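Subject: Structure handover and notes

Hello,

Here is the structure I promised to pass on to you.

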Amino acid sequence: MDTTLRQDIDWVGCVDWTIRDFHSYKTERGATYNAYLVRDDKTALIDTVKAPYAEELLENIARLTELAEVDYVVCNHAEPDHAGSLPRVMESLPSATLVCDKKCLATLSKCFDASGWKTEIVASGDTIPLGKRTLQFVETPMVHWPESMFTYVPEEKLLFSMDAFGQHYASSQRFDDEVPLCTVLEEAKTYYANIVMPYGKQVAGVLEQAGGLDIEMIAPSHGVIWRTHPAKIIEAYKNWCVCRPKPKVLVVYDTMWESTGRMARAICEGASQPGVEAVLLHVRRSHLTRIAAEVIDAATVAFGSATLNRGMMPMAGAALTYLKGLQPTGKAAFAFGSYGWGRGGPEAVQKYLEAMKWEILREPLRAQYRPAPEVLDECREAGKMLAEKAKQMAGDRKPGQNVCVDP
Amino acid sequence: MQKYVCDICGWTYDPAAGLPEQGIEPGTPFEDLPDDFECPECGAGKDAFSPAD
C-alpha cells in the first residue's frame, strides 16, 4: 500500500472494511479513519482513529518512529471516529503535547479525562514549527462541528482537511488516482449531503479562505487523499455548498395501498421529459442516505404520503425530519397523497416543505381512496410542471451527467 | 450599536440589521433580544454570545 503523501509524511490510519451503519448513515462501501504522521526535527501525529482501532494506529506509528519521539498530537475534531483513541494514544506517546483549538479541548474534556495531558491551544493563523515544515491552523467552526479545524503545511502545499472533502470509502489504495474517480466523487457527494449540507454558508466561507492558500494536495479524515484531483473536489464543494440544482426532479413517497404510489408514478411519468432527469424513490425501499444524496442537487421535488391517523406515514416523517435537519436550500416542491375519510397526510408533508423554505408550487395534490383518471392526469401535468421548472432553475446544466463531468 | 458574535459558530448579530425572520426589528440592541433567542446558524443560546471587536 502506498501510504506516503510527501517525504516523511505518511498515512497511519486504518480501513474499516465492514462498517455498514455509521450513526444511521448507510456506508455501503465501508469507511476509513485517516491519521497522518509528519516526521521532521519534531514529529506530529495528525488526528487519531475510532477507539477500537487504537492499537492498529499505534502499530502503524511504531513502524515509522519510536512512540517516544512523537512530540505533538493534533486533534482537528473531537468526534469519536477521530478522537476516540486519544486516551490510549496520549498514554502511549509519553512526549506528546495535544494541540487543538480552545473549543476542542473543552469538548474533549467533556468526553474524556484530559487532566493529565500536556496541551497547547491554537487558533486560526497560529503555527507550530516542526523543522523543514510548519503546521498552520485554520479554525473552521461548523464544518461540521463547532470545534472543527484544518491543519495546513505550507511548505508541502498540503491541507489536512479533517472531514471536509472526505468520503466513506474503504480501499486498499489511499490516493484518488488509484481508485475509480467517479465512485469516490459519488461517495464524496453522499457524504456532503448527509453530513455537511446544513453548513453551506460556513463551507462557502472556508472555500474562500482556502482559496488564499496554495494547495496541491488535500488529505481528509475519511477516504482517499486528493493528490491528483484536489481542484475537482473543491469545484464540487462550490456546487454542493449552494445545493446548485441540476435539471432533476425527485419524487419521494410512502403509500399504504398503492394509491399514493400510483400518483407518484404518474408524477414521475409526467416529469420524464427530454432535458430532465426524473428520479422516483419509495421511502421504505430506499435508505435515508440515498434520499439525502438525491435531494442535494434536485431542482424540484414532489413528496407524497398517504394519510395515517390524520397525519403522514411514519417513515415519511422520518425522511422529512432527516431532510429538514440537513437544510437543503432553494428547492421548489409540492406535497401529494391520498386520504380516506379525513385529510392529514399531504398537509403534514407540506408543513415540512414550508419549514425548509422551499417554494411551494401548488396546493397539495390529493386523491380520495383511489386516484380517479382525472387525478392521475393532474399528477402527470404536475410532473410536467416540475420538469419545466427544473429546467429553468438548472440553466444550461445537462441532465444525467456523471459526477466526474459535472459534480 | 455593539455587535455580538456567537462563541460556538462565529455568526454575528448586527443590531442595525436585526433578525426579521425571527421577528426582531432592525435597531434592536442585543440586550433586548428575548431570553429564548437562539443563534440562527447553530442554535446556541444568548449566553454563548460575546461582544464583537
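First, the conventions. This is a predicted model, in which local features need pLDDT of at least 70 and side-chain atom pairs count only at pLDDT 80 or more, while totals for chains, interfaces and linings use all residues. Residues are numbered from 1 along each chain as its sequence is written, and chains are lettered from A and ligands numbered from 1 in the order in which they are written.

Domains

Chain A is split into domain 1 (4-240) and domain 2 (249-390), with bounds that come from an automatic or database domain assignment. Taken over C-alpha atoms, the centres of domain 1 and domain 2 of chain A lie 38 Å apart. Domain 1 of chain A puts 11 residues into the contact and domain 2 of chain A puts in 12; two residues are in contact if their C-beta atoms, placed from the backbone, lie within 7 Å. On the domain 1 side, the elements giving two or more residues are β5 (25-26) and α5 (181-196) of chain A. Helices (H or I, at least four residues) and strands (E, at least two) are DSSP runs, numbered from the N terminus. With 4 residues, α5(A) gives the most to that side. By class, the domain 1 side has 5 nonpolar, 4 polar and 2 charged residues, where Ala, Val, Leu, Ile, Met, Phe, Trp, Tyr, Cys and Pro count as nonpolar, Asp, Glu, Lys and Arg as charged, and the others, Gly among them, as polar.

Helix α5

α5(A) is mostly covered, with 12 of its 16 residues buried. Buried requires 20 or more other C-beta atoms within 10 Å of a residue's own, exposed is 12 or fewer, and partly exposed is in between, with C-beta atoms placed from the backbone. The buried residues of α5(A) pack against β5, α6 (200-211), α7 and α9 (288-295) of chain A.

How does α5(A) pack with α7 (residues 230-240) of chain A, and at what angle? The two helices pack at about 35 degrees with their axes 11 Å apart; axes are lines fitted to C-alpha atoms, for helices over the stretch in contact, and angles run from 0 to 180 degrees between N-to-C directions. In this pair, A:Leu185, A:Ala188, A:Lys189 and A:Tyr192 of α5(A) meet A:Ile233, A:Ala236 and A:Trp240 of α7(A). The residues of this contact divide into 6 nonpolar, no polar and 1 charged.

A:Ala236 counts as buried because it has 20 C-beta neighbours inside 10 Å. Leaving aside neighbours within four places in sequence, A:Ala236 is in contact with A:Leu185, A:Ala188, A:Lys189 and A:Pro407.

Core

The largest nonpolar core has 141 residues, and among those that touch the most other members are A:Tyr36, A:Leu45 and A:Val249. A nonpolar core is a set of buried Ala, Val, Leu, Ile, Met, Phe, Trp, Tyr and Cys residues joined through C-beta atoms within 7 Å.

One more residue

A:Arg366 sits in strand β24 (residues 365-368) of chain A. A:Arg366 counts as buried because 20 C-beta neighbours lie inside 10 Å. Residues up to four places away in sequence aside, A:Arg366 touches A:Gly337, A:Tyr339 and A:Pro346.

Best wishes
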